[in-house]
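Welcome to this tour! Open your viewer, switch to a cartoon view, and we will go from stop to stop.

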Amino acid sequence: MSEQTPGSNGQYYEHHVFFCLNDRVNGENSCAHHGAKEMFDHCKARVKAEGLSGPGKVRVNKAGCLDRCAGGPIMAVYPEGVWYTFIDNDDIDEIVESHLKNGQVVERLLTPPDVGR
Ligand code: FES
């Protein structure tokens, strides 16, 4: 059995990122209508390029609807439970550099607490 490499916080992944990629085809709003898939791909590539991916570090996963669609596109970072609303790849770069690399939450991109579906 291989040895686990927990992050500095003792978790298997120091940051586990979930991107909503829900794509509603019934005309209702959803994150995929706002470039979520492209920014997910960009985030995966950036995390890998920065050498941040893997056990003890960062994992970026696809997710279905996280039920906060009004703030979409949406991502959640655990175990911190921090939620972000982003617009473009520059926002993703800032989240990767500040939060995932240096542990500093990007306050300006936080999803307001009252945003739901
Ligand atoms: S469609 Fe993305 S949070 Fe619901």
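Select His16: its bridge partner in strand 3 is Tyr78. Before moving on, note that this is a predicted model, in which local features need pLDDT of at least 70 and side-chain atom pairs count only at pLDDT 80 or more, while totals for chains, interfaces and linings use all residues. Residues are numbered from 1 along each chain as its sequence is written.

Now select residues 74-78, which are strand 3; strand 1 runs antiparallel to strand 3, and four bridges join them. Strands (E, at least two residues) and helices (H or I, at least four) are DSSP runs, numbered from the N terminus. Two strands pair if DSSP finds at least two bridges between them.

To get from strand 1 to strand 2, the chain passes through helix 1 (residues 36-49) in a right-handed β-α-β crossover: with the strands pointing away from you, the path from the first strand over the helix to the second runs clockwise.

Go back to strand 3, which four bridges join to antiparallel strand 4. Click on Met75 to find Tyr84 of strand 4 opposite.

Which order do the strands take in the sheet? The order is 2-1-3-4, in an open sheet of four strands with mixed pairing. Strand 2 and strand 4 (82-85) are at the edges with a single partner strand each, so one side of each has no neighbour in the sheet.
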